[in-house]
Amino acid sequence: MTTINKTVKLGYIGTGIAARELHWPAILQLGEKFSIQAVCNRTRTKAEDFARLTNATRIYDTVDELLNDDTVEAVVIAAPIELNYTLVKQALEYHKHVMVEKPLAASVEEARELLNLEKQTDKVILLAENFRYHPAFREIAKIIAEGQIGEVFSFFWNGYGRLIPGDKYATTWRLNNQYPGGYVMDSGIHNVAAIRLFFGELVKSDSKTQSVNSEIGTIDTLNSLFTLETGIAGQLNLCFSANGYKENRLVILGNNGSILFENETVKVISGNVEILSTTYSFFDSYRNQFDDFYNCIRNGSKPVSTFEQGVKDLEFMM
């Protein structure tokens with residue numbers, strides 16, 4: 001009788017900021033559920049640094065070498081967006097479980113092809129969209145579904161900040177983006193995932209995009225007004241070149257109350273009375289995401305964040 005090692009042995013393709021600062025702390029919180037065995041990055045020194053951090057024993061110069069490692073049963077892809085399509089295909093050809101960072105692909109067409117591949121494999125395929133795992137957003141969805149603020153009729157989400165060359169998120173592949181939408185796509189896809197979690201699918205939209213600072217990519221500003229299938233009207237305003245002002249604030253209006261999300265805190269207000277105020281940890285979203293990946297692999301559960309959701313996110317954003 002074969003005994004299955006409960007620890008999932010991971011290979012990492014891409015060892016940048018997401019892997020180092022977001023994924024690794026989450027993996028540590030999960031004890032012995034995961035062990036990083038092998039790493040690969042197009043910049044060898046970054047792979048070596050990540051291997052030292054995670055105690056990975058093997059560093060590969062090519063993706064095929066890593067995928068050909070029989071000790072690696074699952075891979076995490078945290079690479080530039082335009083590489084997702086090719087890397088996911090390669091991983092599935094080697095029969096590995098796959099977690100890939102959002103957005104699913106650089107185009108709707110590539111995302112749909114990956115969805116078709118997902119239907120043809122028995123491996124666990126999970127889209128790393130941490131907003132679907134964020135406890136604050138799960139709570140907001142629950143509040144809306146239970147009718148705690150009555151019927152929602154409108155919402156407003158503003159995300160303003162400033163990125164400049166030299167910022168840690170101003171990576172080369174973002175500054176010279178080979179995918180549509182620039183920073184608006186890379187970051188705004190998170191907002192779209194949450195909006196869909198709360199309110200459903202898009203019916204129509206009127207949007208304007210701008211490049212205020214061409215040094216940080218093709219598009220850095222979005223102003224969008226849209227209607228969802230539920231009849232709710234909403235606004236999403238994003239700017240990554242805001243000089244002197246910073247905000248990440250979501251306001252949801254219902255006929256019996258309102259929800260405010262700001263600084264990782266969810267507040268429910270009715271009349272002039274604050275009836276709920278709870279602060280959540282953003283980093284719990286990554287822990288929950290990896291815990292879901294583990295449970296799908298070891299316990300056969302279905303992922304919360306699927307390729308089908310990823311396709312719909314991209315369709316909405318495009």
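Residues are numbered from 1 along each chain as its sequence is written, and side-chain values rest on heavy atoms, with hydrogens and water left out. Because the model is predicted, local features need pLDDT of at least 70 and side-chain atom pairs count only at pLDDT 80 or more, while totals for chains, interfaces and linings use all residues.

Helices (H or I, at least four residues) and strands (E, at least two) are DSSP runs, numbered from the N terminus. Two strands pair if DSSP finds at least two bridges between them. Phe156 has Val251 as its bridge partner in E11 and stands opposite Gln235 in E10.

Helix H9 (residues 284–299) has 16 residues and reaches 21 Å from its first C-alpha to its last, close to the 22 Å expected; the expected span is 1.5 Å times one less than the number of residues. Buried here means under 20% relative accessible area, exposed over 50%, and partly exposed in between (1.4 Å probe, protein chains only). Among the buried residues of H9 are Tyr286, Phe290, Phe293 and Ile297. Just after the helix, Gly300 takes a positive phi of about 75 degrees.

Two single residues come next, with contact meaning heavy atoms within 4.5 Å. Ile17 belongs to helix H1 (residues 17–29) and counts as buried because its relative accessible area is 13%. Not counting residues up to four places away in sequence, Ile17 touches Leu22, Lys168, Tyr169 and Thr171. Asn213 sits in the loop between strand E8 (202–210) and strand E9 (221–228). With a relative accessible area of 18%, Asn213 is also buried. Leaving aside neighbours within four places in sequence, Asn213 is in contact with Leu163, Asp220 and Ser241.

Finally, there is the second largest pocket. On a 1 Å grid over the protein atoms alone, a pocket is an open set of points where a 1.4 Å probe fits, with protein on both sides within 12 Å along at least five of seven lines; lining residues have an atom within 4 Å of a point. The lining of this pocket has 17 residues, of which Thr209, Leu222, Phe316, Met317 and Met318 lie nearest its centre. E8 gives the most to this lining, with four residues.
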